[in-house]
Amino acid sequence: MNAPNHTETETTMNYEDRDTFGIYKINKLQSLGPTTHHGPGPHLMGANTLIGNEVYNKDAENLGDIKEIMLDMRNGRVSYAVLSFGGVLGLGEKLFAVPWSALRLDTVRKCFVLHVSKDRLRTAPGFDKNKWPDMADREWEMGIHAYYGTKFE
């Protein structure tokens with residue numbers, strides 16, 4: 001996968017840019033020495049820093065960005081990332097609940113990778129920002145996991 005293509009006028013931010021608490025702080029001990037990470041990242045990430053991160057597919061096509069992270073309060077796990085795709089300046093965009101396990105964090109390019117084509121995402125079960133589905137409905141959950149090929153627990 002190639003690096004995301006950003007022009008100089010784009011103002012994309014990634015999790016390191018949103019890190020106000022030093023979660024992903026990197027200290028160089030010496031100018032030629034090893035790089036040392038301080039803090040829990042990237043193995044443990046702050047949810048607030050992930051909101052707005054871009055999502056690409058394996059072909060380096062931009063699939064949108066993360067608008068929300070859904071936590072399952074019944075089992076204490078992250079269930080879904082709500083991905084915004086399509087539209088212009090928020091108009092006509094569609095939201096998609098993507099199983100968290102379908103996303104991979106690319107720490108080199110500082111984005112998420114979802115292994116679906118743009119065409120497949122366009123036909124995925126989605127919803128309008130004013131009409132969210134019942135994400136706790138077991139049948140809905142099974143359908144989403146089946147669509148993305150992830151394990152439903």
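Student: What covers the buried residues of H3?
Tutor: The cover includes strands E5, E6 and E8 together with helix H2 (118-122). Bear in mind that this is a predicted model.

Student: Which residues of H3 are buried?
Tutor: Trp-140, Glu-141, Ile-144, His-145, Tyr-147 and Tyr-148. Around the helix axis they span an arc of only 160°, so they sit on the same side of H3.

Student: Which residues are exposed on the other side of H3?
Tutor: Arg-138, Glu-139 and Ala-146 are exposed there. Just past the end of H3 comes Gly-149, which has a positive phi of about 70°.

Student: Why is Glu-141 called buried?
Tutor: The cut-off for buried is under 20% relative accessible area. Glu-141 has 7% relative accessibility, so Glu-141 counts as buried. Its place is in helix H3.

Student: What does Glu-141 touch, not counting residues up to four places away in sequence?
Tutor: Glu-141 touches Arg-74, Tyr-80, Met-135, Ala-136 and Phe-152.

Student: What makes a group of residues a nonpolar core?
Tutor: The residues must be buried, come from the nonpolar set, and be joined through side-chain atoms within 4.5 Å. The largest such core here has 30 residues, and those with the most contacts inside it are Val-55, Val-98, Leu-114, Leu-121 and Tyr-148. Strands E4 (62-72), E5 (77-85), E6 (94-99) and E8 (111-114), along with helix H3 (138-148), each give two or more residues to this core. E5 gives the most, with 5 residues.

Student: Which residues is Val-98 in contact with, leaving aside neighbours within four places in sequence?
Tutor: Ser-79, Tyr-80, Ala-81, Leu-83, Leu-103, Leu-114 and Tyr-148 are in contact with Val-98. Leu-114 and Tyr-148 are also among the core residues with the most contacts.

Student: How do you know that Asp-59 and Lys-58 form a salt bridge?
Tutor: The limit is a side-chain nitrogen of Lys or Arg within 4 Å of a carboxyl oxygen of Asp or Glu. For Asp-59 and Lys-58, the closest N and O atoms are 3.9 Å apart, and the pair forms a salt bridge.

Student: Are Asp-59 and Lys-58 buried or exposed?
Tutor: The cut-off for exposed is over 50%. Asp-59 has 52% relative accessibility and therefore counts as exposed. Lys-58 has 51%, so Lys-58 counts as exposed.

Student: What makes Arg-109 and Asp-106 a salt bridge?
Tutor: Their side chains meet at 3.3 Å, N to O, and the limit is 4 Å. Asp-106 has a relative accessible area of 13%, so Asp-106 is buried. Arg-109 has 26% and is therefore partly exposed, since that term covers what lies between the buried and exposed cut-offs.

Student: Where do Asp-119 and Arg-122 lie?
Tutor: Both are in helix H2, 3 residues apart, about one turn of the helix. In general, an α-helix has 3.6 residues a turn, so residues three or four places apart point the same way. The side chains of Asp-119 and Arg-122 meet in a salt bridge at 2.8 Å, N to O.

Student: Which residues form a nonpolar patch on the surface?
Tutor: Leu-71, Met-73 and Val-78, which together have about 320 Å² of accessible area. Patch residues need over 30% relative accessible area. Leu-71 has 52% relative accessibility, so Leu-71 also counts as exposed. Leu-71 lies in strand E4.

Student: How many helices and strands does the protein have?
Tutor: There are 3 helices and 8 strands. Along the sequence the pattern reads β-β-α-β-β-β-β-β-β-α-α.

Student: What part of the 153 residues is buried?
Tutor: Buried residues make up 35% of them. The protein exposes about 9800 Å², of which carbon and sulfur atoms supply 52%.

Note on methods:
Residues numbered from 1 in each chain as written. Predicted model: local features only at pLDDT ≥ 70, side-chain atom pairs only at ≥ 80, totals over all residues. Heavy atoms only, no water. Buried < 20%, exposed > 50% of the residue type's maximum accessible area, 1.4 Å probe, protein only. Helix = DSSP H or I, 4+ residues; strand = E, 2+ residues; numbered from the N terminus. Contact = heavy atoms within 4.5 Å. Arc of directions from axis to C-beta. Patch = residues over 30% accessible without salt bridge, like charges linked within 9 Å, V, L, I, M, F, W, Y side chains within 5 Å. Areas by Shrake-Rupley, 256 points an atom, 1.4 Å probe, with all protein chains shown as cover.
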